[in-house]
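Please look over the sequence and the model below before reading on.

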Amino acid sequence: MAQAKRRFRKDHWFFFTIPALVIYVWFMAFPLFNSMRMSFYQGTGLIPTQFVGLQNYVELFTNPLFRDRLLGALKNTCILFAICMGIQNTLGLLFANILAGRLKGRSVFRTIIFLPATMSVLVTGFLWKLILNPHWGAVNQILVRFGLKQFEGYPWLGKPETAMIMVGLVTAWQWVGIPTMIFLAGFQGISEDVLEAASIDGASALQIFWKVKLPLLTPVIGLVAVMTFVGNFNAFDIVFAMTNARGAPEYSTDIMGTLFYRIGIAGQHPVAQPNMGVGASIATVIFFILFLGVSMWMYFRERGSRVQ
Amino acid sequence: MRHRRTNLIHYLILLAWSLIVLFPVWTMLVNSLKKQLDIFRDPFVFPPSPNLAGYRYVLQDSDFLLYCWNTLFVVGLTIFVTLFIGSLASYALAFWKGKASKFLYLLFLSGIMIPIRLGTINIFQIVRSLGLMGSLYGLIPVYIAWGLPMAVFVLTTFIQELPRELIEVAEIDGASRMRIYSNIIVPLIRPALGTVAIINLINIWNDIWFPLIFNLKESHRTLMLGVTYFFGTYQTDWTKVLVVLTLATLPIILLYILMSKQFIKGLTAGAIKG
């Protein structure tokens with residue numbers, strides 16, 4: 001009886017959640033769901049109304065106009081992920097290991113390492129585009145000054161072989177502070193006793209890093225990997241700023257984010273009209289890739305904690 | 001001895017990276033104070049006589065300040081509403097025990113893992129059907145929805161860790177829930193509100209995706225959309241481009257230097273996402 005009474009109080013907890021719930025569902029949860037539903041529809045109006053079943057997916061995977069771009073974007077996003085894992089997160093691990101020590105002035109270095117993460121991706125992209133400018137940019141000037149004459153006027157962002165790598169390096173430059181801080185928290189969570197015991201047993205600093213710290217840090221490495229994965233498959237701004245939304249040159253910097261933007265929203269050459277149905281199916285594909293990545297991470301995390 | 005040598009190596013690594021981080025920011029700053037020819041002649045030194053013409057032009061003869069104001073307006077309103085309705089919901093979710101509460105909490109949390117951009121096609125349609133396409137006001141509800149999952153996560157966790165006695169005493173005194181919220185909860189969760197505000201500030205200030213998608217009309221352009229147009233139009237005038245980039249970044253960098261601890265904490269929490 002008392003419970004029934006409490007449930008219908010005028011200031012029931014539910015009322016407190018209503019404003020947030022309405023805006024969140026209206027502008028985020030529902031559109032996410034509805035965008036997926038739209039991948040089964042086609043039409044030329046504002047909202048595709050004609051149900052076509054899996055036709056959009058068939059188009060996406062078999063029509064060369066879409067298929068080649070999808071495979072290219074997948075490949076380039078994987079390159080981006082590889083660069084971020086190999087350079088950004090490795091450097092983050094290195095910096096965190098150093099910052100976890102008792103070095104003087106470490107808070108200054110921490111502030112500097114994290115600084116680019118507060119900057120706009122757009123500004124970072126434009127800035128590096130200027131710095132990589134083949135004729136006036138600082139990078140080529142420095143290389144030439146050091147006697148590397150072959151780089152005089154080399155268009156880093158104009159060549160398909162180097163453009164994606166440059167985009168990846170700039171991404172790593174910008175975000176290295178985040179894994180650094182996460183790894184730093186991880187290192188600080190390792191108990192002093194363990195490290196001391198290893199040190200007394202005569203292990204070198206390098207051995208302690210590889211044999212003691214790194215295994216203890218495996219869950220954190222998994223977290224950073226999955227974060228990087230989600231970030232890369234959601235990226236758009238950096239390519240938009242450094243090359244353009246068409247992933248120039250020759251689609252060599254076209255990633256999933258720019259592909260989705262072009263086909264679903266801006267309209268792609270030679271059709272200037274956006275294809276919302278196919279666009280929605282690209283968003284759904286991205287969703288499933290992310291879902292797969294996150295599930296794999298959760299599976300391994302579960303298994304890892306059971307073994308321990 | 002060995003210890004000192006590793007320390008030296010560590011310093012060298014950190015110094016080298018600091019150089020790589022600061023070099024682009026430095027070139028941006030010093031070259032925005034030079035004439036075009038001086039940039040190309042000597043791009044790395046501070047100019048002996050700073051040339052403020054670029055700044056004067058961008059601040060007086062362009063719409064830069066208008067775009068700044070637009071962004072501040074959106075950021076301010078979004079953060080205010082997000083903090084208010086987010087903390088209300090978090091207060092409820094932290095105290096309300098039951099299946100419905102758990103379900104709502106998970107519903108909010110699922111928004112942390114899924115990027116809002118994947119719903120863009122339908123968001124575009126919704127905003128258009130509301131007649132808000134091209135307008136700043138279309139951005140605000142989308143940004144609030146985007147910020148809410150993180151806000152609910154951070155604030156609910158924080159409220160759950162508050163000492164229960166404070167609230168229980170007030171309950172016994174007969175204070176209403178709304179009164180407890182405004183007189184006890186809000187003052188106590190200020191640090192967490194700060195964290196949420198910083199995450200949203202950075203996300204919205206730096207966002208280019210939604211301003212681009214919503215095709216904002218000229219008088220409604222946000223700062224970053226403005227930067228995109230400036231970059232296109234001034235492309236050959238490096239002084240102006242660098243002035244625009246400097247002015248668009250400097251406020252956040254200064255704020256970051258003032259409160260770097262809070263920024264690092266907030267942005268790392270915002271990036272971890274669940």
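Which residues touch the most other members of the largest nonpolar core? They are B:Val227 and B:Leu245, in a core of 169 residues. A nonpolar core here is a set of buried Ala, Val, Leu, Ile, Met, Phe, Trp, Tyr and Cys residues joined through C-beta atoms within 7 Å. Helix 7 (residues 136-160) of chain B gives the most to this core, with 17 residues.

The model is predicted, so local features need pLDDT of at least 70 and side-chain atom pairs count only at pLDDT 80 or more, while totals for chains, interfaces and linings use all residues. Residues are numbered from 1 along each chain as its sequence is written, and chains are lettered from A and ligands numbered from 1 in the order in which they are written.

Chain B has 14 helices and 0 strands; helices (H or I, at least four residues) and strands (E, at least two) are DSSP runs, numbered from the N terminus. Its C-alpha atoms fill a box of roughly 75 × 70 × 35 Å along the principal axes. Of the 274 residues of chain B, 46% are buried, where buried stands for 20 or more other C-beta atoms within 10 Å of the residue's own, exposed for 12 or fewer, and partly exposed for in between, with C-beta atoms placed from the backbone.

Contacts also cross between the chains. Apart from its neighbours within four places in sequence, B:Val227 is in contact with A:Leu122, A:Val123, B:Val244, B:Leu245 and B:Ala248; a contact requires C-beta atoms, placed from the backbone, to lie within 7 Å. The contact between the chains takes 62 residues from chain A and 76 residues from chain B. On the side of chain A that touches chain B, helix 2 of chain A gives the most, with 16 residues.

How are two packed helices described? The angle between their axes and the distance between the axes are used. For helix 2 of chain A and helix 7 of chain B, the angle is about 120° and the axes are 8 Å apart. Axes are lines fitted to C-alpha atoms, for helices over the stretch in contact, and angles run from 0 to 180 degrees between N-to-C directions. Helix 2 of chain A is therefore oblique to helix 7 of chain B, since angles under 35 degrees count as roughly parallel, over 145 as roughly antiparallel, 65 to 115 as roughly perpendicular and the rest as oblique. Among the residues making this contact are A:Phe27 of helix 2 of chain A and B:Trp146 of helix 7 of chain B.

Note on methods:
Contact = placed C-beta atoms within 7 Å.
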